[in-house]
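Work through the exercises below with the sequence and the structure in view. Try each task before reading its solution.

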Amino acid sequence: MEQLAEDKYNKGSYRKKYAYAEYPSIKIYKSSEGRSWGNHLLFGDYIKILDTTIVNDRVYARSRNTNGWVKVNQIRKNRILEVNFVDIGQGDGCHVVTPDDKHIIIDAGKTDNMNRYLSWRFNLYDRKKPLSFPLTLVISHSDLDHYQGFSYVFDNDKIKVDTIYHNGLVERPGNDRLGPKKEGYLTDIIETTPQMLAIIKEATNRKGAGSTYCKTLYKALKNNPDVIFKALSIKNEYLEGYDDNYTVEGTKNSIKILGPITKKIDSKDALKSINNLGKDKNGHSVILKLNYGKAKILLGGDVNTEFGKIIQDHYKDKNNLEELKVDVAKACHHGSNHFHYGFIEAINSSATVISSGDDESYSHPRPDTIGALGKCGYGEKPLIFSTELARSNKEITLIKLVAIAKLFEKIKKINETLVTETDAEKIKKMNASIKKTNKSINSFLTKYGMINLRTDGSRMILAQKYERAAGHGKWDIHKLAYSNTTKRFEQE
C-alpha cells in the first residue's frame with residue numbers, strides 16, 4: 001500500500017516518526033473515512049505518526065491524547081514559532097517555543113499557575129529525572145505579579161534553568177530599594193552573575209519589607225546552582241544567541257531588546273528615575289521584539305505613561321519609530337489606563353493580547369485602554385484578546401471552580417496525613433492520589449484562558465477556545481497573512 005512520503009515527517013529516536021499540523025488547523029478523524037472528528041489541532045501542534053500507510057489520503061496518528069486519522073495534505077514536516085499567553089490570573093506569563101525547540105518563559109505571574117502549566121505541557125508527573133533541556137527565563141521587572149510565580153518553578157526539581165534575564169534593577173530592603181541615584185538616574189545596575197549572587201546571598205536582603213524579589217531569585221540556586229543572571233537593555237541589542245544571524249531552516253528568528261533604555265553616568269550604565277518606586281520598576285520593564293520571517297511580536301512588561309513617552313521619544317529622536325511597529329503586541333500593564341497614547345500608536349499592532357485576572361482591585365482591562373488599543377491598532381478591525389475573557393467557557397463554571405477548590409483541599413488533607421503515616425502501601429496510594437489530583441488541576445488551569453499564537457513567518461493564527469465546541473471545531477481561530485502590497489499582516 002502507498003506510504004507517507006518521507007518529506008512529510010521527521011524521524012526521531014526509537015524509530016519515532018512525527019510531524020506538525022498545517023495552517024490554520026486540522027482534525028483528528030475517528031476513522032479513515034467520514035467527517036466525524038475526535039480532536040481539533042492548531043497550526044503547529046505536534047503529531048506522532050503511528051502508521052505511515054495511507055488510507056483514503058489519511059494516516060493513523062496521535063496528538064493531544066487522541067488517536068485517529070489525519071489528512072496527508074494537512075501535516076507538515078517543519079515546526080513553527082509558538083507563543084502561548086498563559087492565563088496565570090492577575091499578572092503576566094508567556095511561553096515562547098522557537099522552531100528549533102528552544103523554550104523561553106517570560107514572566108510567571110504571582111501564583112503557581114505557570115508551574116502547573118509547565119507540568120502539564122511537559123507531562124512532568126511521572127518523570128524520574130529533570131527535563132533533558134533547560135528553560136531560559138526572562139523577568140521583565142520586579143513586580144510580584146510578574147516574577148513571584150517563578151518561585152514555584154524553582155522549587156520544581158524536574159525543571160532546569162540555564163539563564164535568568166532581568167532589567168538590572170534588583171529590589172531589596174532599605175531606603176533605596178533599587179539602589180542609589182545620581183543626577184536623576186538609578187546607578188546600581190546589576191549586570192553580571194557575581195553581582196547578583198553577592199546581593200541575593202546576603203541574608204539581610206532576604207528579610208523584611210522589600211525582600212521578596214531577592215528571596216525568589218535565591219530559590220533558583222537550589223536546583224540550578226550554575227544558573228547565569230544577566231541584565232538586558234538596549235545596549236545588548238539582541239537576546240544572546242538570537243541576533244540577526246540566527247536562522248532556522250533559512251528563516252530569520254531574532255529576539256531584539258527595545259527596552260530598558262540606559263544612559264552613561266560616570267562611565268556606567270544607569271536608568272532614568274522619576275522618584276517613584278513602582279513607576280521606575282514598571283517603566284524599565286524588559287521589552288522584547290520577536291522577529292520570525294515577516295512576523296513581528298512585541299512582549300513588554302508594565303510600561304507606564306511616563307516611560308511610554310520616554311521610549312517613544314527615544315526611537316523618534318533616532319528616526320527609528322518604525323522599530324516599535326509590530327503585528328502582535330502583549331498589552332503593557334494588563335490593560336491599565338496608565339499608558340502613553342503615542343507609544344501604543346507607534347506600536348500599531350494588528351492584534352493585542354491583554355493578560356489580566358478577576359481577583360484584583362484595578363478593573364483591568366480598563367474601558368479607555370481597550371478603546372485606545374482598538375483605535376491605535378492596524379486595519380479596520382484590530383483584534384483585541386484578553387485571557388480574562390477567554391477564560392469564560394463551559395469548563396470554567398462556578399461549579400467547576402468549587403470542584404477545583406475541593407481538589408486543592410483534598411491535596412492539603414492528604415499531605416497533612418502523610419506527615420504521620422508509616423504504612424508504605426498507604427503512602428504509595430496517597431502519593432498516587434496527589435499526582436492524579438494535581439494532573440486534573442493542571443489540565444484545568446491550562447485550559448483557563450490561554451491565547452495561542454502560531455506563525456511560520458508569513459502566515460499566523462491567534463486562537464482561543466470556544467465556550468462550547470461547535471460542529472466545525474473547538475477553537476475560535478483568527479487568521480492573518482503577510483501582504484507583499486501593504487507589508488503588513490492582514491486578516492483573512
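**Exercise 1: two helices in contact**

Helix α4 (residues 193-200) and helix α5 (residues 212-223) pack at an angle of about 115°, and their axes lie 9 Å apart. The model is a predicted one, in which local features need pLDDT of at least 70 and side-chain atom pairs count only at pLDDT 80 or more, while totals for chains, interfaces and linings use all residues. Residues are numbered from 1 along each chain as its sequence is written, and side-chain values use heavy atoms, with hydrogens and water left out.

Task: Describe how α4 and α5 are placed relative to each other, and which residues make the contact.

Solution. 
Step 1. Helices (H or I, at least four residues) and strands (E, at least two) are DSSP runs, numbered from the N terminus. Axes are lines fitted to C-alpha atoms, for helices over the stretch in contact, and angles run from 0 to 180 degrees between N-to-C directions.
Step 2. Classify the angle. Angles under 35 degrees count as roughly parallel, over 145 as roughly antiparallel, 65 to 115 as roughly perpendicular and the rest as oblique. α4 and α5 are therefore roughly perpendicular to each other.
Step 3. The crossing of α4 and α5 is left-handed (the near helix is turned anticlockwise from the far one by less than a right angle; clockwise would be right-handed).
Step 4. List the contact (heavy atoms within 4.5 Å). From α4 come M196, L197, I199 and I200, and from α5 come C214, L217, Y218 and L221.
Step 5. Sort these residues. The contact of α4 with α5 has eight nonpolar residues, no polar and no charged ones (Ala, Val, Leu, Ile, Met, Phe, Trp, Tyr, Cys and Pro count as nonpolar, Asp, Glu, Lys and Arg as charged, and the others, Gly among them, as polar).

**Exercise 2: the surroundings of the helices**

Task: State which residues of α5 are buried, and what α4 lies across.

Solution. 
Step 1. Take the cut-offs: buried means under 20% relative accessible area, exposed over 50%, and partly exposed in between (1.4 Å probe, protein chains only).
Step 2. Y213, C214, T216, L217, A220, L221 and N223 are the buried residues of α5. They pack against α2 (144-147), α3 (150-155), β13 (161-166), α4 and β16 (228-231).
Step 3. α4 lies across β13 and β16, and runs at about 105° to β16.
Step 4. Look at H166, which is in strand β13. H166 has a relative accessible area of 1% and is buried. Among the residues that H166 touches are M196, Y213 and F229.

**Exercise 3: the sheet of 10 strands**

Task: Give the strand order of the sheet of 10 strands and follow some of its pairings.

Solution. 
Step 1. The sheet is open, with the order β16-β13-β12-β11-β10-β9-β26-β27-β28-β29 and mixed pairing. Two strands pair if DSSP finds at least two bridges between them.
Step 2. β16 and β29 (489-491) are at the edges with a single partner strand each, so one side of each has no neighbour in the sheet. On average, neighbouring strands are turned by 20° against each other, direction ignored.
Step 3. Strand β11 (residues 103-108) runs parallel to β12, joined by three bridges. I105 stands opposite L137 in β12.
Step 4. Strands β26 (residues 451-455) and β27 (residues 459-470) are antiparallel, with four bridges. Here T455 is opposite M460 in β27.
Step 5. In a regular strand the side chains alternate between the two faces of the sheet. In β12 (residues 135-138), L135 and L137 point one way, T136 and V138 the other, and all are buried.

Definitions and conventions: Lists of a residue's contacts leave out its neighbours within four places in sequence.
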